[in-house]
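Open the model in your viewer and keep the selection panel at hand. The stops below go from one selection to the next.

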Amino acid sequence: MRAFLIKTCLRILAFFPLRWNYRLATRLGKWAARHLNWRITSVTQANIAQCFPELSPIEQQQQVEQSIIETCKTFVEFGALWLWKSEKTLSLVKQVSNEDCLKQALAQGKGVILLTPHFGAWEMAGLYASVHYPMTALYRPPKLTGLNQFILDARQRAGGRYVATDKTGIKALYQTLKQQQVIGILPDQVPTKGNGVFAPFFNHPADTMVLVARFASKTQAPVIFTFAERLDDGFHIHFFPADPNINSNDVAISAQVLNQGVEQCIRQQPTQYQWSYKRFKHVPDGQKTIYD
């Protein structure tokens, strides 16, 4: 039933221009941040206090409110990103910066590891890449199984291929790189406890995936970050190369460089990051979590 309601809501949102939906999200986000005791609000507050201690309490609260607004925008834009025809969706891209770095990386003949953090409209970044480049990306099925095929169809309608986060999926990514194509990974998901390494993220230890480090060190494929900055009526797609040390055989070094790249994305527009995600839910032994 929940999956049906979500799909119905997204279909309704898809009838309206993106700008109208953003206005709705702004009003809803402001009201929610000030009047609702949401779990995502408390998590956002904890994350922003942890990562931006230099801000005053008033400035931090302003960041929290704007972040909740951006979280609401993330939901309302799914109607356009998932249900519009791909040509119409791509018309929302108003600017693309530094795409040549991706083209130059592909020219090396080793494939490319494309990293898209949970920043801005990460679905837009994935769609843009899958339209312009042969790409296979990892996909974690949603908890609501009724949404699984719906989301897969939406993401793959422009030509990209999505594979599950299992051994078969990992094998498919290695094969994609051997074919000198692009693989896509969301680099800031918290790994299963015990399967990552702690690396600095905004000067605090964060459990960080080693999957990117293993791909990068084994294949020596160049690593590129991309994100879709949210504008008032569309998106600005950014690309930039990762520090070459991300290809290090030392997973600790690679993980640190990975987090530095994610930070570089976030600092473009800090409130557009998904601060409602418990990025610090795992802590080193002897430390306490920042979440209640």
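Is Gln-66 buried, partly exposed or exposed? Select Gln-66 and show its surface: Gln-66 is partly exposed, because its relative accessible area is 29%. Buried means under 20% relative accessible area, exposed means over 50%, and partly exposed lies in between (1.4 Å probe, protein chains only).

Before moving on, note that this is a predicted model, in which local features need pLDDT of at least 70 and side-chain atom pairs count only at pLDDT 80 or more, while totals for chains, interfaces and linings use all residues. Residues are numbered from 1 along each chain as its sequence is written, and side-chain values use heavy atoms, with hydrogens and water left out.

Gln-66 sits in helix H4, residues 57-76. Helices (H or I, at least four residues) and strands (E, at least two) are DSSP runs, numbered from the N terminus.

Next, select strand E9, residues 235-241, where 6 of the 7 residues are buried. Strands count as paired if DSSP finds at least two bridges between them. Show strand E1 (residues 93-97), which runs parallel to E9 with 4 bridges; here Gln-95 has His-236 of E9 as its bridge partner. Then show strand E8 (residues 223-230), which is antiparallel to E9 over 7 bridges. A hairpin of 4 residues links E8 to E9, and Arg-230 stands opposite Phe-235 in E9.

Pick Pro-200 and its bridge partner in E7, Pro-205. With 2 residues between the strands, this hairpin includes Phe-202, whose phi is positive, near 55 degrees.

Finish with two surface patches. Patches are made of residues with over 30% relative accessible area and no salt bridge, with like charges joined within 9 Å and nonpolar side chains (Val, Leu, Ile, Met, Phe, Trp, Tyr) within 5 Å. A salt bridge is a side-chain nitrogen of Lys or Arg within 4 Å of a carboxyl oxygen of Asp or Glu.

- Select Ile-12, Phe-15, Phe-16 and Trp-20: they form a nonpolar patch with about 490 Å² of accessible area together. Phe-16 is in the loop between helix H1 (2-13) and helix H2 (18-35).
- Select Arg-39, Arg-140, Lys-143 and Lys-281, which form a positive patch. Lys-281 lies in the segment after helix H12 (251-266) and is partly exposed, at 42% relative accessible area.

Definitions and conventions: Accessible areas come from the Shrake-Rupley method with a 1.4 Å probe; for residues, only the protein chains shown count as cover. Lys and Arg count as positive and Asp and Glu as negative; His and the chain ends are not counted. The place of a charge is taken as NZ of Lys, CZ of Arg, CG of Asp or CD of Glu.
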